[in-house]
Structure formats: structure tokens, C-alpha cells
Amino acid sequence: MRIASITNWLDERLSISTLAAVAQKKEVPRHRHSIWYYFGGMTLFLFAVQVVTGILLLLYYRPSAENAFESVQFIITEVKFGWLIRSIHSWSANLMIATLFIHMFSVFFLRAYYPPREITWVSGAFLLIIVICFGFSGYLLPWNKLAFFATKVGTEIAGVVPIVGRPILRFLRGGDDVTGATLTRFFGFHVAVLPATATVFIAIHVALVQLHGMHVPQKYEHNYQRMKFFPNFIMRDLIGWILAIGVLAALAALFPWELGEKADAFAPAPAGIKPEWYFLFMFQTLKWIPAKILGLDGEVLGIMAFNVIALLLFIVPFIDRDPENRRRHLIFNICGVFALLFIVVMTIVGYVTK
Amino acid sequence: MNPDTRKTANRNSGLPESPPRRSFLDYLLGASALATLGAIVYPIFKFMSPPQIVESAENSVVAAKLSEVPPNSGKIFKFGNKPGILVHTAPGEFKAFSAVCTHLECIVQYRDDTKQIWCACHNGQYNLSGKNIGGPPPRPLEEYKVNTRGDDVVVTRG
């Protein structure tokens, strides 16, 4: 009786029953490629893990060149379960980038960006950039040697871009060099600017998915079954998330994320230094590009090429918009497969070469 | 098949009735959900409670050089991770106390006009034996021993 009256009170004010009715009706298409529908939700779940563990780390982390390394050391040695929370934050970040790539390529190959879903794709592309920025800014925060040099190189790459490069570099570094000022800035980006931006884009992205529903590949358009979102799909989602928690805990326990040595602005870069795996393919490409191509700096050309590709990513749904255009369809498939192969091969090469 | 006929059918076939089996599964599912939740929440709560930091058990510290504290003056010094106050009284005696006010933990200071130890936060007053003589402080300040060793003024915990 009491609960019923509370529910009624809330319902009159929030009209939960209307929402529940809508949720009841929500359905997910069921066909041979349904498996790919789970990767967006998985990415979102891992993002939630990042938010929770990130807030926990904030309780002890100190964002300054003098204290950052020591505070992370304190977290992993003194704080109860500190090693676990920190390792989960690092592992979950990496898994999130992996599931995001899987999600992106599956959407690309299944052509889920066809009208009217262009803006869903564009907001997703923004989220990809945001997540990469999360990774790059978060990597510096423990203020260890690897992070210090990765940030030096990464910001230097931004600085290579003609005209705008130098101001961007100074903006990112908070000066001409990577110093404590850079750390404070990256901390601000990582815990305030990026989370706020990500929240907006996630809201848009998810709202649009709700609005348009799941995209059904052309092949199955007239031949698919449906599954209730509540509870059938969400239960399946849940199983994936519980598995993810298990995988994260296992990874964190078996392969705790290393802290390394404290950054030293006057020590040489350690031998065999490499960026995180999701930057490896770019790193390897830049290593192989000749110093001069047609009288231009090879490095500058390589970096500009990556920028152009990033730009192309955003306009994919505006070039390929006609489901009946078979030739364009084929070209896009070839480009996608080539990009995927390029990333995979270069990452492996980058991983094995000394 | 309606539930009643199913019950009868189960009974007749010698199988256990389905409701208890279902409630057992529900119980199992609920228990594992709780266990999972516990395994997530417990580390989070433990993480949030700050670890004990081992204090360096310093028993003795050089509080000041003789020249730093002329008669009728005081100086705050670091005693472990807590502040202490060294007072050189007008007659030339050295006194040392904990500088943490017993009222609400502000840091006290020596006043050369009233020749008292004074807390600026709520006007607490202590005499030069550390006794609370005015304002809100409920207890005297903890007193330390003072020795001079050459040019050093050494404070030792009692």
C-alpha cells in the first residue's frame, strides 16, 4: 500500500509509466550479425568503469610534477585495493579502445551509417577522438619516464603540422617544454574537459540510437526476427558486462599495470621505448616514412595524411549514402579492409620490431 | 497446460514440483548477484578509507638556534608532523608546548604584550606554564622539556 502510493506520487510527477510503456515496446532486430550490436553497449559499460575507478583514483592522486609519481606509488602500495583500482582503470581504458574500434568497424562494414543515421556516425567519430585524447592525457598522469617521452613525442607530432602546429603544441604543453605545467593541464583535460565533452556526445549518440532504432543490414531487411530490449537484450548485455568485470579483475590481478621509473627531464629516453598499442600503427608508419618525399618532409606528410584520414572518417556517411550504389559499396569495402589490415599489420610490426 | 494440471502431472511422474526448484534457482541467482556486488563494493569501500600513515616517532628535535629567539618572543617549530611552540620568557627561561590549541586545533602564538600564549581563532589564552586561563580552551597545552646544547635549543617529548 505504502509503496504503491509512493509509486503513484512519483508517476504523477515523472510519468514513469509512459517511459515504461515505451521501454516495453522497444525491440532489437535478430539476425546473423546481431552480435555486433553488443559492442557499443560494452564500450559504454567500460566507460562507466572508467568513471567509477577514475573518481576513486582522484581521492589520492596529486597532479604535480613533485607529487604525481609518489601519489600513484602510494595508491598501489599503501592504499587498500589501490593496485586493483589502478590496474582496472588502465586495463579498462585499453579494452574500451579495443571495443570502440570493433564497434566502429562493425558499423562501417554493416553500413549502419546510411540515412538517417549520419549524425549518429559523426557523434561516434567525435567520441573516438575524445577517447583517444582520454588515453593520451591519462597516460602522462603517473609522471613516469615512458609517459614523459610519449607526451614529448605526441605533442611534438602536433607541433609538426604547418601554421597551427606550434600554437597547439604550446597550448598542450603549457609552455615550450613538457613540464609540471603540462601535467596540470593534462590532468584538467582528463578529469574535467574530456568527461564533460564525452557526456554530451554519449548523450547525443545514445539518444539517436534510441530514436532510429538498431540498423538492420540490407541483406536481412525483409527477413529478421525481433527480440524485446527489456528484458531479453539487456540481460544478454548484462552477461557481457559481468564477463568484462571478470576479465578486468583477472587482467589486473595477473598483469598489474606497471608504474616504471619517475620522469626525469634530464635523463635520456630509455631504449626500446614505444607508445601504447593503439598509437603503434601510426608510430611504425612514421618510422618507415622516408625523411624526404618530393622535397617535402616525410614526417610532415605522414602526419598530414593521418589528419586527412581522420577527416574522411567524419564524412563517410555523406559520401556513401545510396544503398543501391553497388560500385561505391565495393570501393568502401576495399578501403575498410585495407584500413583494418594496415592497422593490424603495422601494430604487429611495431610490436615485434626493436 | 494450466498450473494445477502440471502440478498433478509432476506428482504423478514422481518429479519434484517445479515451484521449489524454480525458487532454488532464484535463490542461487540472487546469491550470486549479491556476491558479485559484494566483490565490487567491498574493494571500493576499503579503497576509500585512507591508510594509516606511520608517524615518525620523533622524540627530540632542534627547535631553534639561540639567536633566533630573543627574550620575550616565541617560535613555532616542527615536531614530527605536528607544530610545537618554543617560548623564551622575559626573565630568560625556555618553555616548549604543543602549539595545537586544545579547543579546536588552531595553532597558537606567543604574545609579547600580554606575555601569554594566545589562540587567535577564538581568543583562547594560556599562561607560560601552558595552563588554559581564559577563553574556550578546555585543557592545558602539552608541555615539552627544553635543553640547550651549544647554540641549539633542543625540545624533548616528556
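The questions and answers below concern a predicted model of chains A and B.

Residues are numbered from 1 along each chain as its sequence is written, while chains are lettered from A in the order in which they are written. Local features need pLDDT of at least 70 and side-chain atom pairs count only at pLDDT 80 or more, whereas totals for chains, interfaces and linings use all residues.

Colleague: Which helix of chain A gives the most to the side that touches chain B?

Modeller: Two residues are in contact if their C-beta atoms, placed from the backbone, lie within 7 Å, and 10 residues of chain A are in contact with 7 residues of chain B. Helices are DSSP runs of H or I with at least four residues, and strands are runs of E with at least two, numbered from the N terminus. With 3 residues, the one that gives the most to this side of chain A is helix 5 (residues 82-109).

Colleague: Are helix 6 and helix 9 of chain A roughly parallel or roughly antiparallel?

Modeller: Helix 6 (residues 118-140) and helix 9 (residues 180-212) of chain A pack with their axes, lines fitted to C-alpha atoms over the stretch in contact, 9 Å apart. The angle between their N-to-C directions, on a scale from 0 to 180 degrees, is about 160 degrees. Angles under 35 degrees count as roughly parallel and those over 145 as roughly antiparallel, so helix 6 of chain A and helix 9 of chain A are roughly antiparallel.

Colleague: How many helices and strands are there in chain B?

Modeller: Read along the sequence, chain B follows the pattern α-α-β-β-β-β-β-β-β-β-β-β. The count for chain B is therefore 2 helices and 10 strands.

Conventions
Angles under 35 degrees count as roughly parallel, over 145 as roughly antiparallel, 65 to 115 as roughly perpendicular and the rest as oblique.
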